[in-house]
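I opened the notebook to look up charged pairs and their surroundings. The structure goes in here before the entries.

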Amino acid sequence: MTRPVLATPSAITISVRRSGATLSAHTTLSYPDTVLVGEAHRDDDNRMRAIAQATLAALRDVSDSSLESAQIISVPGRKIAVTVVEFPDAHGSYRAFVGSALVRGEVEDAVARSVLDAITDHIDDQLDTEETP
């Protein structure tokens, strides 16, 4: 059976700006039939977290989730964006899913792609649960 997954956007546009003590991130995910826009504002310097939160905000109609962590890790010869996204379950608790993406150019793009990866894993998990008798 072919599973529907969160398709990769045809374009990801990210902007981050600081105004006084506030860091603002804006994410636009462009798909062939729609454009999703999200934003996040933070009072600290956590740029990666702001980008991940803005990406989740763009997907708010697709996913009820919250961000636990967003960071860039280094391994020999590579940098990887890693996010941990939590989703509520039917029992009132939360399940964590990890998303990752290799940094190929812009770090910001990799953070957004890692959020999409975590959401795709969550959707796959939900489909597995629905298929289990």
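Is aspartate 45 buried or exposed? I found aspartate 45 exposed, at a relative accessible area of 62%. I took buried as under 20% relative accessible area, exposed as over 50% and partly exposed as in between, with a 1.4 Å probe and protein chains only.

I noted that this is a predicted model, where local features need pLDDT of at least 70, side-chain atom pairs count only at pLDDT 80 or more, and totals for chains, interfaces and linings use all residues. Residues are numbered from 1 along each chain as its sequence is written, and side-chain values use heavy atoms, with hydrogens and water left out.

Next I searched the whole structure for salt bridges (a side-chain nitrogen of Lys or Arg within 4 Å of a carboxyl oxygen of Asp or Glu) and got four.

One of them joins aspartate 45 to arginine 18, with the closest N and O atoms 2.1 Å apart. Aspartate 45 sits in the loop between strand 3 (35–42) and helix 1 (47–58) and arginine 18 in strand 1 (residues 11–19), so the pair ties together parts 27 residues apart in sequence. Helices (H or I, at least four residues) and strands (E, at least two) are DSSP runs, numbered from the N terminus. I found arginine 18 partly exposed, at 41% relative accessibility.

I then looked at arginine 47, which forms a salt bridge with glutamate 108 at 3.0 Å between the closest N and O atoms. Arginine 47 is in helix 1 and glutamate 108 in helix 2 (residues 107–131), so this pair links parts 61 residues apart in sequence. Glutamate 108 is buried at 16%, while arginine 47 is partly exposed at 33%.
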